[in-house]
Amino acid sequence: MAIALKRLFLERYPWLIAVLLFLIALAAGIHANHYRIDTMLTHRSDPWGYYQYLAATLGTHEWLELPWAHTLENGNHLCMFTIGVAYLMAPFFYATAGIAAMLGQPVTGYSASFYYGQFIGSAFYLAAGGHLLFHALRRRFPVRVAIVVPLILFGASNLYFYTVMEPGMSHVYSFFLFAWMHYLTVRMLERPSADRLFALFICAGLLVLVRQLNAVALLFPLLYGSPIREALELRWNWLKRYPKATVAGVAGAALLITPQLIYWKAVTGSLLVFTYGKKDESFNWTDPHLLDVLVSHQNGWWVYTPIMLITTAILLYGAARKIMGMRLLLVVLALTWYTYASWWSWWLGGGFGHRGFIELYALLSIPLAIGMQHVMRQRILVKVLCIGVLAVLIVLNIRMTYLYHWPWEGPEWTWEKLLVVWRTALIG
């Protein structure tokens, strides 16, 4: 009886966590953005770049003259952003379009209903990502750890900011895709199946369409769980064992990418385009800002998200001790770090903390879970101390989220001003 009740509890509890994450994100997002609700979808920044593809399908914009885009010499307007986020937004967008039509509102993508559709979408992907992450982690860690880690990632990192304050940015959508990839990889290692292999191909296609740098993370499903040679042999066996799923997966991923290629061809005349190159924005591979990305007062990752300093320390320890997957994760993190550090705008402009690592949190959940498992084995005094530190980090993160006032960057932003924000966040 006790075993049956425990099993029932474990089956239902993750859904309660997902519902909790959804409700918190939805309520906090609507409350935090109520003052700009009428302009949120048309603010001239990245979210509009992702969103305008959807409005164009309703005839609101011309495809060659999207409003938030770079004007080319041929007169066409090239959107800097790929369509991956629009794909993920689409179910909520078109459901909202139906509701707007029933309410008699203009079906343009910008009437009142569409604002709330975006809040619902971002909250859903946060909750779905947290749920998938739980199921991925519980295969390797105690259930308590698998429950706590997604909550920590939301409350103690800038994932909170980019779900609640900026629901139109790509990061919560990427977080969901990384969590899905994590889950599918673990389940394929545990119990391979054709549908999971197909889903991995679709997930990979969406990951690259959201942000091309996400391709680095595909090393995870390719190599996780075994030494390199064994891992590659195992993946090859998957392809041979499920040929129909392999062909369907490759075709599905190609089908997802095709509209992007058609758009680029129509606008520029080329199928493959480095969009930022059209604005003379590029990488400086020989002079990366490696330390600045981590510890600068201008969006330094560890400075604004200190829980990731702890997580990185655990990752380094795990890599040195050859704990499964830690060296692979270290390679993925290092490649991502070096790439962002080489970008001309290494701080990624106008944001709260270094947002380029947010999607990686779904993979860095593994070293964080290792740390939480270790804490749970300690004496009560150590547990209390660690819980206290964690509580401070959560309070600091959420308080700073609501104190944020653009721009925390540039020559006007200094360590002294950041210290004032910290003091206000912790003391009031």
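Trainee: Which hand does the crossing of α7 and α8 have?

Mentor: A crossing is left-handed if the near helix is turned anticlockwise from the far one by less than a right angle, and right-handed if clockwise. The crossing of α7 and α8 is left-handed. This is a predicted model: local features need pLDDT of at least 70, side-chain atom pairs count only at pLDDT 80 or more, and totals for chains, interfaces and linings use all residues. Residues are numbered from 1 along each chain as its sequence is written, and side-chain values use heavy atoms, without hydrogens and water.

Trainee: At what angle do the axes of helix α7 and helix α8 cross?

Mentor: Axes are lines fitted to C-alpha atoms, for helices over the stretch in contact, with angles from 0 to 180 degrees between N-to-C directions. Helices are DSSP runs (H or I, at least four residues), numbered from the N terminus. Here α7 (residues 171–190) and α8 (residues 194–210) cross at roughly 155 degrees, and their axes come within 10 Å.

Trainee: Where is Thr311 placed?

Mentor: In helix α14, residues 307–320.

Trainee: Is Thr311 buried or exposed?

Mentor: Buried means under 20% relative accessible area, exposed over 50%, partly exposed in between (1.4 Å probe, protein chains only). Thr311 has 1%, so Thr311 is buried. Cys203 is buried at 0%. Cys386, at 30%, is partly exposed.

Trainee: What does Thr311 touch?

Mentor: Contact means heavy atoms within 4.5 Å. Leaving out residues up to four places away in sequence, Thr311 touches Leu364, Pro367 and Leu368.

Trainee: How many disulfides does a search of the whole structure find?

Mentor: A disulfide is a pair of cysteine sulfur atoms within 2.5 Å. The search finds zero.

Methods: Helices (H or I, at least four residues) and strands (E, at least two) are DSSP runs, numbered from the N terminus.
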